[in-house]
Amino acid sequence: MGRSVFRFLSRQPDKPDLASEFHRLRLARYSDFEQWHALRSESRSFLQPWEPSWRPDDLTERAFRARVLRNEQEYYAGLAVPLFLFSRPDDTLLGGLTIGLIRRGASQSCMIGYWMGERHAGHGHMFAALQLAIPYIFRVLELHRIEAACIPDNQKSIRLLERTGFQREGLLREYLKINGQWRDHALYSRLAETAGGNRDKER
């Protein structure tokens, strides 16, 4: 574990800040609370069918501050890179993308997940976010494999994954408890070779 964390930190001296002309991905900050609270609140019915059940205190400032702290701890431990997605240049919060379950050693892989505020959905923002995140995963984190799990009837997410080069591998039975129910998920993956990324070779 120590070796994996050391190697991760040696590649990542600074917090990630991935930007294109119109989009930006970065770690959450305490100052993002008002935007996050407004966007999640107004998008609740839109997001809930695809997410774990929300706790009663999920939208409180205290819970958000704990989330920000936990995200930074996971990042510096080399376990995850939880990012918020903003539009540029106005820094409007659009959603989030998490590079999670980072595994080193023989695996060299991660799992991605994402969410989008309802009023920003359907405008290509998450596609743009993945165009920033995928090269970062392969070239900076030097991972070999990206996985994504998607509820089979979430056709919008499936189209997004397929459009960004992911291939379906199989079905994970009752994989995650979503909105109070254990749901099957389709497993998708993308490999470094298919993205022109660097394969991370054991040293």
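**Reading charged pairs and a histidine**

Modeller: At 36% relative accessibility, Asp-57 counts as partly exposed. Buried means under 20% relative accessible area, exposed over 50%, and partly exposed in between, with a 1.4 Å probe and protein chains only. This is a predicted model, in which local features need pLDDT of at least 70 and side-chain atom pairs count only at pLDDT 80 or more, while totals for chains, interfaces and linings use all residues. Residues are numbered from 1 along each chain as its sequence is written, and side-chain values use heavy atoms, with hydrogens and water left out.

Biologist: With which residue does Asp-57 form a salt bridge?

Modeller: A salt bridge is a side-chain nitrogen of Lys or Arg within 4 Å of a carboxyl oxygen of Asp or Glu. Asp-57 pairs in this way with Arg-55, their closest N and O atoms being 3.4 Å apart.

Biologist: How many salt bridges does the count come to by this rule?

Modeller: The count comes to twelve.

Biologist: Which parts of the chain does the pair of Glu-147 and Arg-103 link?

Modeller: Helices (H or I, at least four residues) and strands (E, at least two) are DSSP runs, numbered from the N terminus. Glu-147 forms a salt bridge with Arg-103, with the closest N and O atoms 3.4 Å apart. This pair links distant parts of the chain: Glu-147 is in strand β6 (residues 145-150) and Arg-103 in strand β4 (residues 93-103), 44 residues apart. Glu-147 counts as buried at 13% relative accessibility, whereas Arg-103 is partly exposed at 27%.

Biologist: What is the distance between the closest N and O atoms of Glu-169 and Arg-145?

Modeller: In that salt bridge the distance is 2.6 Å. Glu-169 lies in strand β7 (residues 167-178) and Arg-145 in strand β6, so the pair ties together parts that are 24 residues apart in sequence. Glu-169 is partly exposed at 45% relative accessibility, and Arg-145 is buried, with a relative accessible area of 17%. Through shared partners, salt bridges join Arg-103, Arg-145, Glu-147 and Glu-169 into one network.

Biologist: Is His-120 buried or exposed?

Modeller: His-120 is buried, at 10% relative accessibility. This residue lies in the loop between β5 (109-116) and α5 (125-140). The side chain of His-120 reaches the backbone oxygen of Leu-93 at 3.4 Å.

Biologist: Which residues are in contact with His-120, leaving aside its neighbours within four places in sequence?

Modeller: Contact means heavy atoms within 4.5 Å. With those neighbours set aside, His-120 is in contact with Leu-39, Thr-92, Leu-93, Leu-94 and His-125.

Notes: A polar contact is a pair of N or O atoms within 3.5 Å; within protein, one must be able to donate a hydrogen and the other to accept it, and residues adjacent in sequence count only if both atoms are side-chain atoms.
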